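This report describes selected packing features of one protein model, taking a helix, a sheet, a ligand site and a helix pair in turn.

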Amino acid sequence: MPDVSFTSCAQAPVLKERGQREVFCGLTSIIWLHRKMQDAFFLVVGSRTCAHLLQSAAGVMIFAEPRFGTAILEETDLAGLADAHQELDREVDRLLSRRPDIRQLFLVGSCPSEVIKLDLSKAAERLSQKYAPSVRVLNFTGSGIETTFTQGEDECLTAMVPMLNESSDRQLLVVGALPDVVEDQMRSLLDALGIGPVSVLPASSAGNTVSVGPNTYFAMTQPFLGETHSALLRRGAEHIPAPFPFGAEGTTAWLRAIADKFGVSDDKFEGVVSAPRARAQKAIAQASEVLKNKSVFFFPDSQLEIPLARFLTVECGMTALEVGTPFLHRPLVGPDLELMSQGPVISEGQDVDLQLDRALQQRADLTVCGLGLANPLEAAGLTTKWAIELVFTPVHFYEQAGDLAGLFSRPLRRRAILRQEAAE
Ligand code: SF4
């Protein structure tokens with residue numbers, strides 16, 4: 001019997017805010033993209049601030065041969081735009097002659113006005129011709145004026161879509177950068193279901209040809225890829241809408257949607273998913289004991305907020321008070337909204353002061369927010385979780401479901417221990 005009392009969040013009004021926001025810029029995406037694309041180099045055309053952001057966010061790269069760098073353009077060095085283009089060409093020359101392993105070079109735009117004036121798409125075209133066919137040069141923006149931190153990946157993948165080969169073969173394209181170990185798990189599930197051929201965007205190397213066309217069905221693993229979604233539709237591919245593969249239920253629903261499209265029988269589906277689903281349910285039950293009946297408040301940060309709120313409320317027994325997201329792409333997060341019961345405020349965009357007032361008034365048991373807001377909220381006695389950790393940690397699919405619940409329960413456990421110690 002359908003639950004007639006259930007009204008989903010898909011019908012809930014959305015609180016739209018357009019004020020000051022507190023999030024990292026899209027350059028941050030380079031930290032995980034460079035790990036994924038083994039023969040790519042990300043050359044940020046930017047200022048010393050951009051260089052510092054990358055160095056401090058990716059400190060681990062200091063001892064390795066890095067696959068990202070910054071071409072610093074400063075007004076004082078340059079007499080005009082022609083100089084800027086020449087300087088950029090010199091930088092690229094130096095880089096490519098030193099690093100013959102580079103197959104894809106991304107010129108990444110940033111905020112400074114001298115960079116904004118530079119037409120990086122023209123530069124990419126010019127350099128692509130010069131270095132073809134051994135290196136492909138593309139461009140996208142990671143500027144903090146235009147992008148939040150996960151939008152960097154969206155911009156990067158959108159730039160890649162027009163370059164994909166045309167194909168009319170029936171195939172599955174999975175979209176979104178996942179850690180290799182997670183991608184392998186996903187591929188073996190799809191393989192066991194008999195679904196294929198499967199390719200992934202972004203591919204780990206430029207040599208792995210990814211193609212697209214009218215018989216391509218694509219599934220998203222990251223909810224922040226709205227532009228990439230549109231670009232793939234423009235290439236004639238068909239999206240398979242589904243909840244995102246977080247937790248036991250999310251993963252099952254994601255696989256089910258794809259399996260339906262590829263004609264997999266119920267028996268076969270159950271045979272493949274029942275054991276890993278049961279493992280995931282058990283792991284979630286253990287890790288989420290402390291989450292049950294607790295409340296959560298999401299500041300808008302990574303665009304993962306709606307699928308994660310679905311996971312925490314439906315699978316971990318939490319109550320969401322507010323779920324903020326920088327952008328609400330219904331074609332992507334609609335299926336997750338459908339599964340969540342109405343109750344939380346769904347907010348899009350940010351007016352950070354107003355939202356801080358709401359968070360401090362509501363005093364959720366757990367507040368998920370950006371690094372910049374965590375300290376003041378902790379000082380006000382709230383327990384916080386850094387949203388950025390959710391992007392850097394493997395959290396998708398069955399085998400990571402327990403870890404995902406654990407990421408949220410850890411700060412609550414820590415707070416309980418501190419309170420206990422203070423009381424003794
Ligand atoms: S916000 Fe702008 S200036 Fe600052 S690091 Fe990002 S792109 Fe560079």
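## Packing in the predicted model

The buried residues of helix α6 pack against α1 (30-36), β4 (104-109), β5 (136-141), β7 (171-175), β8 (198-201) and α8 (226-234). Two residues are in contact if their C-beta atoms, placed from the backbone, lie within 7 Å. The model is predicted: local features need pLDDT of at least 70, side-chain atom pairs count only at pLDDT 80 or more, and totals for chains, interfaces and linings use all residues. Residues are numbered from 1 along each chain as its sequence is written. Helices (H or I, at least four residues) and strands (E, at least two) are DSSP runs, numbered from the N terminus.

Helix α6 spans residues 151-160 and is mostly covered, with nine of its ten residues buried. A residue counts as buried if 20 or more other C-beta atoms lie within 10 Å of its own. The buried residues are Q151, G152, E153, D154, E155, C156, L157, A159 and M160.

Six strands form an open sheet with parallel pairing, in the order β1-β14-β13-β12-β15-β16. Its edge strands, β1 (14-18) and β16 (384-386), each pair on one side only. From one strand to the next the twist averages 20°. Strands pair if DSSP finds at least two bridges between them; β13 (residues 319-325) and β14 (residues 345-350) are joined by four bridges in the parallel sense. In this pair, G324 stands opposite S347 of β14.

| Helix | Strands touched | Angle between directions |
|---|---|---|
| α11 (residues 305-315) | β12 (295-298) and β13 | about 170° with β13 |
| α16 (residues 401-423) | β15 (366-369) and β16 | about 140° with β16 |

The ligand is surrounded by C25, L27, G46, S47, T49, C50, L53, S110, C111, G142, S143 and G144, where near means a C-beta atom, placed from the backbone, within 6 Å. Helix α2 (residues 48-57) supplies the largest share of this shell, three residues.

The axes of helix α9 (residues 247-261) and α11 come within 8 Å and cross at roughly 120°. The contact brings G247, A248, E249 and G250 of α9 against P307, R310, F311, V314 and E315 of α11.

Methods
A residue is buried if 20 or more other C-beta atoms lie within 10 Å of its own, exposed if 12 or fewer, and partly exposed in between; C-beta atoms are placed from the backbone. Axes are lines fitted to C-alpha atoms, for helices over the stretch in contact, and angles run from 0 to 180 degrees between N-to-C directions.
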